[in-house]
Amino acid sequence: MILPALFFYLFAAACVASAVMVIVSRNPVHSVLYLILAFVNASGLFILMGAEFLGMMLIVVYVGAVAVLFLFVIMMLDVDFVELREGFMQYLPIGIVIGGIFLFELLLVVGAWVINPSVTKTITAAIPTNISNTEALGLVLYTKYIHYFQLAGMVLLVAMIGAIVLTLRHKANVKRQNINMQNARTPEIAMAVRKVASGQGLQDADAAEWVK
């Protein structure tokens, strides 16, 4: 029991320290790297708890996709963070007040939190012991809670469509493709045959026609 406890404290301390560094770091690239470190340590904690599927999903989805996407976006946008920090002291008192309110609410929740002794008996169906955690999670998610799973998917779909609608802007000077016009194109519309005299360039021919 000593070795799992040592790994638990190691992963927990590294996770908390990296989470603090995500907020404290001045360089946003360093913040994303510390965020990846926090995800890796959280995955180690999940594996110690016996939830290897959640641990692997944390590595594959959040570290392999989300955090790397954040890193690429930050490096490609080249945002001027010095300009963004201007006026920080102006909003500092308001931030301190709001942060103090949230801290007070968290202390109230933690101080009044009591674990119900019957919480372990609320599971209506017994978890089979002859299958892996991944298979047990799939059986529960896609059988008993399939309607909630589909409802969550619909909520995410509506949120994605709403984000596209809110951010889509039609600008007057931006050329957009007209599918009907593209399908109605004919060789006569698409190209023009010009007869240019020998020794005369196309620009000279256009200038001569303009003079006429």
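A residue counts as exposed when its relative accessible area is over 50%, and as buried when that value is under 20%. The exercises below apply these cut-offs to a predicted model.

**Exercise 1.** Classify Leu-3 and Leu-10 as buried or exposed, and state which helix holds each.

Solution. 
- Step 1: Leu-3 lies in helix H1, and Leu-10 is in H1 as well, a helix that covers residues 2-24.
- Step 2: Leu-3 has a relative accessible area of 54%, so Leu-3 is exposed.
- Step 3: Leu-10 has 52% relative accessibility and therefore counts as exposed.
- Step 4: H1 is the largest contributor to the patch, giving seven residues.

**Exercise 2.** Find how far apart Leu-10 and Asn-41 are in sequence and in space.

Solution. 
- Step 1: Along the sequence, the two are 31 residues apart.
- Step 2: From C-alpha to C-alpha, the distance between Leu-10 and Asn-41 is 8.6 Å.

**Exercise 3.** Describe the surroundings of Ser-31, and decide whether this residue is buried or exposed.

Solution. 
- Step 1: Ser-31 sits in helix H2, which spans residues 28-48.
- Step 2: The relative accessibility of Ser-31 is 11%, which is why Ser-31 counts as buried.
- Step 3: With neighbours within four places in sequence set aside, the contacts of Ser-31 are Met-21, Val-22 and Ser-25.

**Exercise 4.** Identify the residues of the largest nonpolar core and the elements that give two or more of them.

Solution. 
- Step 1: The core has seven residues: Cys-15, Ile-36, Phe-39, Ala-42, Leu-58, Val-63 and Ala-67.
- Step 2: H2 and helix H3 (52-77) are the elements that each give two or more residues to this core.
- Step 3: Beyond four places in sequence, Phe-39 is in contact with Leu-58, Tyr-62, Val-63 and Ala-67.

**Exercise 5.** Summarise the whole chain: how many helices and strands are there, and what share of the residues is buried?

Solution. 
- Step 1: There are 10 helices and zero strands.
- Step 2: Of the 212 residues, 10% count as buried.
- Step 3: The accessible surface comes to about 18300 Å², with 72% belonging to carbon and sulfur atoms.
- Step 4: Among contacts with a separation of 6 or more, 47% come from residues 24 or more positions apart.

Notes. Residues numbered from 1 in each chain as written. Predicted model: local features only at pLDDT ≥ 70, side-chain atom pairs only at ≥ 80, totals over all residues. Heavy atoms only, no water. Helix = DSSP H or I, 4+ residues; strand = E, 2+ residues; numbered from the N terminus. Buried < 20%, exposed > 50% of the residue type's maximum accessible area, 1.4 Å probe, protein only. Contact = heavy atoms within 4.5 Å. Core = buried A, V, L, I, M, F, W, Y, C linked by side-chain atoms within 4.5 Å. Areas by Shrake-Rupley, 256 points an atom, 1.4 Å probe, with all protein chains shown as cover.
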